[in-house]
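Subject: Structure handover

Hello,

Here is the structure you are taking over. Please open it first, then read the notes below it.

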Amino acid sequence: MTEVRPTAAASASLWERDAEIAAVTRAVDTLCADRSSSGSLLVCQGEAGLGKTALLAETRRIAEARGCTVWSARGGETLRSVPFNVVRQLLQPALVSMLPEEARDYLGDWYDIAGPALGIADPGERQADPQGVCDGLVAAVRRLARREWPLVLLIDDAHWADQETLRWLAALAGRLDETSALVVVARRPGEATGDSARHLEAVAAAGDHLATLSALTPAATAGLTRTTLGAHADAPFCREVWAVTGGNPYETVELLAKVQDTELEPVEAQAGELRALNRSARGGGLVARLEQLGVDATRFAWAAAILGTGITVDLVARLATLNRDDAGRCAELLRSARILTAPDPANGQVPAGDLEFVHPLIATAVYNSIPDALRTAMHGIAAQLVTDSGLGAAAASRHLLQVHPDDDQDVVEQLREAAREHLAVGAPDAARRCLERALKEPPLPEAHARVLYELGCATLLTAPAKTIGHLRTALAMPGLDGAERVDAVFRLSQALLHNDQLEEAVRTVEAEAARTPEGPVRLRLQAAQYMWEGIHAGETASPGRSARLARIAANCTGRDNAERVLLILRGFDAMTHGESADEVVDLCDRALVNGRLAPGLGWTDTEWGLELPMMLASAYAYTDRLDRAEALFTEALRAYDTAGWSGGHLALAHAYVGLGHRRRGRLKEAEAALRESLRIAERVGRGLPLYWSAICNLVDTLLARGHVEEAWSVAEQYGFAPPYPSTIVLPDPRVVRGRLLLAVGRTEDGVNELENAEKAAASRGHHNPVLVPWATDLARALATEDPGRAARLATDARRHAERFGTDTAIGEALRCAAALETGRRAVRLAAQAVAYLEASPCQYEHAAARVEYGIAARSEAELNRGLALARSCGADGLVRRAREALGAGRVSG
């Protein structure tokens, strides 16, 4: 095989990397060709020492030669517990170099969301949403890429990157079509596990696979040997170099350096010495070589390995208990021994420090060589040094996590503080690790329950099943009293709700309320019970609930939030049961303060959660007060965008904005909002109530638009079929599924689904014909097969509609009645439906009534009015129907 020689400027580790270098060159050329070009991602993987770092260094050289801005970062084996460590390395220096006002201008609304995670802004008062922070970091790269074009980002040792960085990297990889930047990632295969492995797989799937690096061939090893030692190195010696190192470029370079140091002749007679030399350059041999440098140098190297990053001679001296002069001498010794080196400025952004390890393999070997007890003690000292340096509890926590439990309450408090700092920047997993470690210390009995409570709060959004265990244990211990205990019970019930254990959530708050004396605290528990029962889709968990709720709410004036909550719950309950819409609106209005949500009951307030404002807005939406509902839905969207809550909260906000558009008759706008909701909900996870809200409303909207085939395709793709969630979904998924089945011609299945909707509604006492319109749909489906039953259903629907009293409800009931009649009676009922729906804010239903009236009355004028309305709504199916009727020639002027 022909020896492949790298250019003189290239690293020895670039032998036989021509194809990879060519791919990098093409990617850089593409990036530099057009400022508006889409970004690209190259992923390089290979075992330790195969030249990944060298390939990234060559990428930097190529990119900088083309005038690119290049930023780089590296994961560290001992730094994986430090949230946002790698992304901070990558982006922080560029942002810190700006004036604060300039950085704020560049990041815009994302500054307060992503800034704390990057360490350039103070965190806010409330817990940051991890998904929002992730999205903010993606947006930061997008904006910086425009400023710094052409921008190249290099990430080495990604397998050791922290989980928060990997989550961001996976999100960025999926959105590089919007970001004109080149991202090159190097990693070892098989090193990461759990969520980190999943994120790395997502990165690999999104990128162009640059290379899986392999060892050097014997020919390349021979070429490298002769380039290093001289052309006189004979073939047997070169073959032995390859046999000893397995063609690993890093080990080959180190071995050849040893050969040069010992002045070994590169000839066959000396080849037997190579194995001993190689052992001294790795593993136990490296440790032995380190020990030969002396006790002080060994302690210095150990201290550097403990720090892992930001290695300065002064900090190492303090950790290794060396004086400054001795530490300086040790640093020089370790540089000469190729164990430590000065950071290469050409590698761009590196943590502030005087030194770094020559290679991660050396760092790992040195760290693992520290005796266990001493390693633990040194981490404890390092934690104190970090704390004394004013870097904060979060910075010290990675060391505290390695310290053996020793009943030290200072450690408990430091870890609790670190958890709060992690939560404030959007790193709940890091907070969880700190609190779990604090429990092992352990805390004093009087603090134990509080630590468990804090742990439960930290895992509420990311691991509701774990939250349930933590909070139940906390509540079974002494230490949580009064309002704090009630808050723990409430959060436990929320976790049960998110874990689809709604009945257990109801029982939890009900049992606590029974043990609590009368007063505001008990009122909060009762309100929580009524809230969870109110959104339960199954049978009523508490017989007589509605009557008890009505009695309690009757005495509420809205003087405090507990009373306002009860008024909202009573209003929502009355709306679902189809009681007087005017009374529903009166209850809801009394829950507001000057027409707005009261402080503490807002969309981002955590004491009560988002369910309450959702219930309030829904009550308005289904009582024809769409202006108030839309104002609340829009406020939710704005609040979550501003707070950076771009996970489940934002998915629900978009879903309810879509619901508002759907009720109003703006079907195109509804579809757009619901598709965005579904996109976010998919990211959060299928099967959750928020996912059902998105998909159910989208299918309903597509059916209203007349896009039946697309509605069916969406339903099939996203699993819109039984079993349904345990929480209420608006509109009712059984009704929407029944409509869908009827629309695609599966009449029997559609009728069965609507009859299931009837049974479910009856078990809950849900008689609002707009909220759960099974009766009108079923009546139309049975009109031919069972006209008697169809007529009875239509009559009942009208009775419930008149009891509820909204123009939409009565108009829809009259539309159904007209569809079951013929002749003059059908025309008269259709005209009445138009009159009611004309006064309704629901324009799609008005358009449908106009078209149906025009067909029944054979009126060209009415059909044209209906056609115009249908066009304005985006109801393509109604448009076709009106045009067909007009084209049939069976209408008069």
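Proline 731 sits in the loop between helix H35 (708–718) and helix H36 (733–743). The peptide bond that leads from leucine 730 to proline 731 is cis, with omega near -5°. Another cis bond runs from glutamate 441 to proline 442, also with omega near -5°, and proline 442 is in the loop between helix H21 (428–440) and helix H22 (445–458). Helices (H or I, at least four residues) and strands (E, at least two) are DSSP runs, numbered from the N terminus.

This is a predicted model, in which local features need pLDDT of at least 70 and side-chain atom pairs count only at pLDDT 80 or more, while totals for chains, interfaces and linings use all residues. Residues are numbered from 1 along each chain as its sequence is written, and side-chain values use heavy atoms, with hydrogens and water left out.

The chain as a whole

The protein chain has 44 helices and 7 strands. Its C-alpha atoms fill a box of roughly 115 × 70 × 50 Å along the principal axes. Of its 893 residues, 58% are buried, where buried means under 20% relative accessible area, exposed over 50%, and partly exposed in between (1.4 Å probe, protein chains only).

A UniProt record (unreviewed entry) places "domain: Orc1-like AAA ATPase" at residues 16–184; UniProt positions are given in the numbering used here, feature names are shortened, and annotations may be inferred rather than shown by experiment. That span is 52% helix and 13% strand, and its end C-alpha atoms lie 19 Å apart.

Glutamate 16, in the segment before helix H1 (18–33), has phi near 60°, a positive value in a residue other than glycine. Glutamate 16 is buried, with a relative accessible area of 17%. Phenylalanine 84 is not a glycine either, yet has a positive phi of about 65°. Phenylalanine 84 lies in the loop between strand S2 (69–74) and helix H3 (85–96) and is buried at 4% relative accessible area.

Helix packing

Two packed helices are described by the angle between their axes and the distance between the axes. Axes are lines fitted to C-alpha atoms, for helices over the stretch in contact, and angles run from 0 to 180 degrees between N-to-C directions.

Helix H14 (residues 295–307) and helix H16 (residues 324–336) have axes 9 Å apart, at an angle of about 80°. H14 is therefore roughly perpendicular to H16 (angles under 35 degrees count as roughly parallel, over 145 as roughly antiparallel, 65 to 115 as roughly perpendicular and the rest as oblique). Contact means heavy atoms within 4.5 Å; here Asp296, Ala297, Phe300 and Ala301 of H14 meet Ala327, Cys330, Ala331, Leu333 and Leu334 of H16.

The axes of helix H24 (residues 482–498) and helix H26 (residues 520–534) come within 10 Å and cross at roughly 5°, so H24 and H26 are roughly parallel to each other.

In helix H29 (residues 581–590), the buried residues are Ala581, Val584, Val585, Leu587 and Cys588. They fall within an arc of 160° seen down the axis of H29, so they line one face of the helix; the arc is that of the directions from the helix axis to the C-beta atoms. Their cover includes helix H31 (626–643).

Phenylalanine 633 is in helix H31 and is buried, with a relative accessible area of 2%. Beyond its neighbours within four places in sequence, phenylalanine 633 is in contact with Ala617, Ser618, Ala621, Tyr656, Val657 and Gly660.

Regards
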